[in-house]
Amino acid sequence: MFALVFMSFLMFESALGRSFTIDYENNCFLKDGKPFRYISGGIHYFRVPRMYWKDRLMKIKAAGLNAVQTYIPWNIHEPEPGVYKFEGEADVLSFIKLVQETGLLLILRPGPYICAEWEFGGFPPWLLKNASIILRSSKDPVYTSAVTSWFKVLLPMLRPHLYSNGGPIISLQVENEYGYYFTCDEKYLVFLQRLMEKYLGKDVILFTTDGDYESQLKCGTLPSLFSTVDFGPGTDPKKAFALLRKFQARGPLVNSEYYTGWLDVWGKKHQTTDPILTAAKLDQILAMNASVNMYMFEGGTNFGYMNGGTNDNSVYLPVTTSYDYDAPLSEAGDPGVSNEKYNAIKKIVTKYLPDPKIPIPPPTPKYAYGKIQMTKIISSQNSKTVTSKYPKTMEQMGMYYGFVIYRTNIVISTKLSQLTNVLNIPGVRDRAIVFIDKVRQRVVNRNDKKKFFHIKVKKQSMLEIMIENQGRIIDGDMNDPKGLISNVTLDGVILINWTVIHVKDPPDVYHEPKSDLFGANNQVPAFFKGIVPSMPEGLSPQDTYLSLHGWEKGQVFLNGFNLGRYWPVEGPQITLYVPASAFKKDKNILIVLELDGAPCAEPKNCYVEMVTKPILNGTVLYKQF
Ligand SMILES: *[C@@H]1O[C@H](CO)[C@@H](O)[C@H](O)[C@H]1NC(C)=O
Ligand SMILES: *[C@@H]1O[C@H](CO)[C@@H](O)[C@H](O)[C@H]1NC(C)=O
Ligand SMILES: *[C@@H]1O[C@H](CO)[C@@H](O)[C@H](O)[C@H]1NC(C)=O
Ligand SMILES: *[C@@H]1O[C@H](CO)[C@@H](O)[C@H](O)[C@H]1NC(C)=O
Ligand SMILES: *[C@@H]1O[C@H](CO)[C@@H](O)[C@H](O)[C@H]1NC(C)=O
């Protein structure tokens, strides 16, 4: 009798006495053999400064949640094929350990495609060196072997942190909303499942997530993988789960992305979700005994060049720098302005799970550093150049992020009067500023219908086309390389012999450059430099928001840290979140790369300002492209 009990115990538990499994009969998860459900919050370690990881996890725990969910973006961890980065802000293993220390469980979504409104849906840009690569499919060996070598590095690192091995990871998602993608390739999901089982073992739950649509569940699920759905407060949970039941008759119900808010794109109104409705629908989901992950619990920030772009009806719209998401914790990790959403959610969560009764860490202090006087600086050319007969894409040149300047000399052999001088730049990805002999001509946007115009040239002129990569596309047709994707013509003649300069980082402000990259007169683009006023003696750096009121469009760097894109004239985001981690003890240097128009005709107006309140809901133009 004793021996029998002991044996069945062994079958349930791993060597460490820990197990996390699915009880299909009783429609629930089993944690260490006992019925279990999770209430999880989405937080992306790559969108929150590392110094704040612990603070945010504590705030999630304080709301009563028992798990968190994060994606793993391939592109920050393998910046070049075979070159891996897992240190500093990319130290995902430290994040995993912090999750465990905080007493939370972890749901991981390693992709390889993640969407997340993150640059290229998490894919590394070097995949697009061949723009015809077949992504998210089993059909292209170039793609599948890149995935294989990435997972061969990543998954063995994760394995010791699986729940059954003593870690916090209870489940991993295979791909991401795959049923939404047109390839609908079952073999690809099988390929990923085998790869994950090979490196993780079979002792962990692998699951898929799809929208609550029949077609999506058809292409996105596999009988051998646990299926979950995602939907927001606008959906009736009973209907969504009933559809899931058509594909998976038994097992726990899971909403892997319950939308607490929504993302913003430049040029469209700021998105918000009603806190009361968000909490009420969460209550309905939990009343059905379902498990849930709230997407997002904290959205965070698309620092640097890492926002993705959407492509709705062939209109390209980049995601804003802020990924605040109107989530229960703000971009800065605070429980909102009024705490309303955070408190409403906590009230529902603690109906179903015990209230941890831990004090909520207070909002991080904000400091108004005040006005920062900016002055134009000469911009050196601080990167290597690439030359080619015909223009190459940014990916082909290994210039993945930021800006590139395509330069060529136009030499006219015929009589100037015989020319109409029509310059045609049909293949702009995503936004070009055109110069002739260092004089700014005009902007050509990829959404513009007309991408040709008249220019004035001399017998010999220098043409420069500065192109901004505004963030790679996150879904739909993702084979969308950046820079120039087709030839440039003048009166129908293809222009050749290009030199390309990469502009990604601020110029080296400590050394006087020999010549100005952008031309010496008072035009933009140009770099501007300012010193942030110091904190009062004895205070350490604090979070703040950078107001770019009066400036038009560009990129900002604090002590070399890329705070992201700003575009207040497009809206809705007006201020940029500046975390305390970007400051030094003294002499904080702010560099602004302004593309379209700086308020600097009079030096007294040439400033930016650090304030204590964000503005994410500025007015937008509702432009028709
Ligand atoms: C690019 O990828 C496509 C799709 O797999 C393939 O057919 C083609 O041969 C590749 N081109 C080169 C130059 O490798
Ligand atoms: C939820 O689970 C409880 C306990 O197992 C059960 O009594 C109840 O009927 C379930 N509710 C639903 C809606 O499935
Ligand atoms: C530019 O034109 C040349 C010559 O016709 C062609 O070989 C090349 O593929 C074109 N480049 C692009 C990017 O279209
Ligand atoms: C392009 O470069 C080649 C090789 O350097 C040179 O022979 C040719 O004259 C150049 N053509 C133009 C139009 O600049
Ligand atoms: C932005 O939000 C604030 C705070 O909720 C509100 O006072 C303000 O009117 C809003 N601005 C716009 C332009 O909607």
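Visitor: How many cavities of 30 Å³ or more are there?
Guide: The count comes to 6 cavities of 30 Å³ or more. Keep in mind that this is a predicted model.

Visitor: How much space lies in the largest cavity?
Guide: The largest cavity holds about 70 Å³ of space.

Visitor: And which residues line the largest cavity?
Guide: Its lining includes Trp-262, Leu-263 and Asp-264, along with His-270 and Gln-271. Also among the lining residues of the largest cavity are Thr-320, Ser-322, Tyr-323, Asp-324 and Tyr-325, as well as Gln-573 and Leu-616. By class, that makes 5 nonpolar, 5 polar and 2 charged residues.

Visitor: On to the pockets. How much space lies in the largest pocket?
Guide: About 920 Å³. The lining of the largest pocket is made up of 32 residues, and Ile-76, Lys-85, Phe-303, Gly-304 and Met-306 are the ones nearest its centre.

Visitor: Which elements give two or more residues to that lining?
Guide: Those are α3 (74-77) and β31 (561-566).

Visitor: Let's switch to the packing. Which residues touch the most other members of the largest nonpolar core?
Guide: Leu-158 and Leu-172 do, in a core of 128 residues. Helix α5 (residues 141-158) provides the largest share of this core, with 8 residues. There is also a second, separate core of 27 residues, with Met-399, Val-404, Leu-423 and Ile-436 among them.

Visitor: What does Leu-158 touch, leaving out residues up to four places away in sequence?
Guide: Leu-158 is in contact with Ile-72, Leu-93, Ile-96, Leu-108, Ile-169, Leu-172 and Leu-200.

Visitor: I've also got my eye on Leu-106. Where is Leu-106 found?
Guide: Leu-106 sits in strand β6 (residues 105-109). Because its relative accessibility is 0%, Leu-106 counts as buried. Setting aside residues up to four places away in sequence, Leu-106 touches Val-68, Thr-70, Ile-96, Val-99, Pro-168, Ile-169, Ile-170 and Ser-171.

Visitor: What separates the C-alpha atoms of Leu-106 and Pro-525?
Guide: A distance of 44 Å, with the two residues 419 apart along the chain.

Visitor: Now a charged residue. Is Arg-472 buried or exposed?
Guide: Arg-472 counts as buried, because its relative accessibility is 0%. Arg-472 lies in the loop between β23 (460-468) and β24 (483-484).

Visitor: Which side chains does a polar contact join to Arg-472?
Guide: The side chain of Glu-119 makes a polar contact of 2.5 Å with that of Arg-472, and the side chain of Glu-395 makes one of 2.7 Å. Beyond residues up to four places away in sequence, Arg-472 also touches others, including Phe-120, Pro-125, Leu-128, Tyr-400, Tyr-401 and Lys-482.

Visitor: One last topic, helix α2. Why is α2 described as largely enclosed?
Guide: Helix α2 (residues 53-62) has 10 residues and 7 of them are buried, so the rest of the structure largely encloses it. The buried ones are Trp-53, Asp-55, Arg-56, Leu-57, Lys-59, Ile-60 and Ala-62.

Visitor: What covers those buried residues of α2?
Guide: The cover includes the strands β4 (39-43), β5 (67-71), β11 (291-298) and β32 (575-578), plus the helices α4 (92-101) and α10 (340-352).

Visitor: And what comes just after α2?
Guide: There, Gly-64 takes a positive phi of about 100°.

How values were computed. Residues numbered from 1 in each chain as written. Chains lettered and ligands numbered in written order. Predicted model: local features only at pLDDT ≥ 70, side-chain atom pairs only at ≥ 80, totals over all residues. Heavy atoms only, no water. Helix = DSSP H or I, 4+ residues; strand = E, 2+ residues; numbered from the N terminus. Buried < 20%, exposed > 50% of the residue type's maximum accessible area, 1.4 Å probe, protein only. Contact = heavy atoms within 4.5 Å. 1 Å grid on protein atoms, 1.4 Å probe; cavity = no way out; pocket = protein on both sides within 12 Å on 5 of 7 lines; lining within 4 Å. Points joined across faces, edges and corners; volume = space filled by probe spheres on them. Nonpolar A, V, L, I, M, F, W, Y, C, P; charged D, E, K, R; others polar. Core = buried A, V, L, I, M, F, W, Y, C linked by side-chain atoms within 4.5 Å. Polar contact = N/O pair within 3.5 Å; in protein donor to acceptor, adjacent residues only side chain to side chain.
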